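User: I have a model open and want to go through some of its contacts and surface features. Can we take it piece by piece?

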Amino acid sequence: MKKKLKKQIVEELSKEFTNEASVFYADFKGQTVKELESLRKAVREAGGKTRVIKNTLARIAFKNNGIDVDFEENNIFVWGEDQITLAKIITKHAAAHKETFKIKGAVVEGELKDAAYVDEISKLPTKDELLGMVAFMMKSPIAKFAWGLQKLIEKKEQEQE
């Protein structure tokens, strides 16, 4: 790879990794093209990005953002705004391909996290799930109040008869 192209890739990644909230990385040795494409498709649908990057270039891109990370072996990087959804996608992929896909860790808001962290946040509800819970909680008291009013009206009607 030419030096100019490497520099362009590092600049692009430095910008991406600054603007994005979280970057996950995993070992993908032994994955087939079809398996990687299914991961890429799922990440793309969630609004994230996936890329295999040379370790040296990734290290420089992170260092440009003040993060010192040392990568070993082959790594695939997944990044995007919604860290919970992306964590769910890659942990699901890792569970389906235990022998060939191993999550190594993440860089979340400038902090280095391990694979256990990725597993933990994958168990949290997504933004849409949380909004659904809030809407249900708000609806519940109103529904009970309306039901109570209906029962009161029925009782009054029975008393008048």
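User: Which side chain meets K29 in a salt bridge?

Analyst: The side chain of E73 does, with 3.1 Å from N to O. Keep in mind that this is a predicted model.

User: What about the backbone at E73, what is its phi?

Analyst: E73 has a positive phi of about 55°, and it is not a glycine. For background, most residues other than glycine have a negative phi. The loop that holds E73 runs between α3 and β3 (76–80).

User: Which residue in the hairpin of β4 and β5 takes a positive phi?

Analyst: E109 does, with a phi near 50°. That hairpin has two residues between the strands.

User: How many bridges join β4 to β5?

Analyst: Four, and the two strands run antiparallel. In one of the pairs, A106 has K113 in β5 as its bridge partner.

User: Back to E73. Which residues does N55 contact, leaving aside neighbours within four places in sequence?

Analyst: N55 is in contact with F71, E72, E73 and N75. N55 is found in helix α3, which covers residues 55–64.

User: Is N55 buried or exposed?

Analyst: N55 is buried, because its relative accessible area is 16%, and the cut-off for buried is under 20%.

User: Which residues does R59 touch, again not counting those up to four places away?

Analyst: R59 touches V69, D70 and F71. R59 also sits in helix α3. Between R59 and F71 the C-alpha to C-alpha distance is 7.2 Å, with 12 residues of sequence separation.

User: What kind of link do the side chains of D70 and R59 make?

Analyst: They meet in a salt bridge, at 3.4 Å from N to O. The pair links distant parts of the chain, with D70 in the loop between α3 and β3 and R59 in helix α3, 11 residues apart.

User: How accessible are the two partners, D70 and R59?

Analyst: D70 is exposed, with a relative accessible area of 59%. R59 is partly exposed, at 25%.

User: How many salt bridges does the count come to?

Analyst: Seven. Among them is the one between K123 and D119, where the closest N and O atoms are 3.4 Å apart.

User: Are those two buried or exposed, K123 and D119?

Analyst: K123 is exposed, with a relative accessible area of 56%. D119 has 33% relative accessibility and counts as partly exposed.

User: Switching to helix α5. Which of its residues are buried?

Analyst: The buried residues of α5 (residues 115–122) are V118, I121 and S122. They fall within an arc of 105° when seen down the helix axis, so they line one face of the helix.

User: What does that face pack against?

Analyst: The buried residues of α5 pack against β1 (22–27), α4 (83–96), β4 (102–108) and β5 (111–114).

User: Now helix α1. What does E16 touch, beyond residues up to four places away in sequence?

Analyst: E16 touches K49 and W79. E16 lies in helix α1, which covers residues 3–19.

User: So is E16 buried or exposed?

Analyst: E16 counts as buried, because its relative accessibility is 17%.

User: Last one, the surface. Which residues form a nonpolar patch there?

Analyst: F145, L149 and L152 form a nonpolar patch, and together they have about 310 Å² of accessible area.

User: Where is L152, and how accessible is it?

Analyst: L152 is in helix α6, which covers residues 127–160. L152 has 46% relative accessibility, so it counts as partly exposed.

Conventions: Residues numbered from 1 in each chain as written. Predicted model: local features only at pLDDT ≥ 70, side-chain atom pairs only at ≥ 80, totals over all residues. Heavy atoms only, no water. Patch = residues over 30% accessible without salt bridge, like charges linked within 9 Å, V, L, I, M, F, W, Y side chains within 5 Å. Areas by Shrake-Rupley, 256 points an atom, 1.4 Å probe, with all protein chains shown as cover. Salt bridge = Lys/Arg side-chain N within 4 Å of Asp/Glu carboxyl O. Buried < 20%, exposed > 50% of the residue type's maximum accessible area, 1.4 Å probe, protein only. Contact = heavy atoms within 4.5 Å. Arc of directions from axis to C-beta. Pairing = 2+ DSSP bridges.
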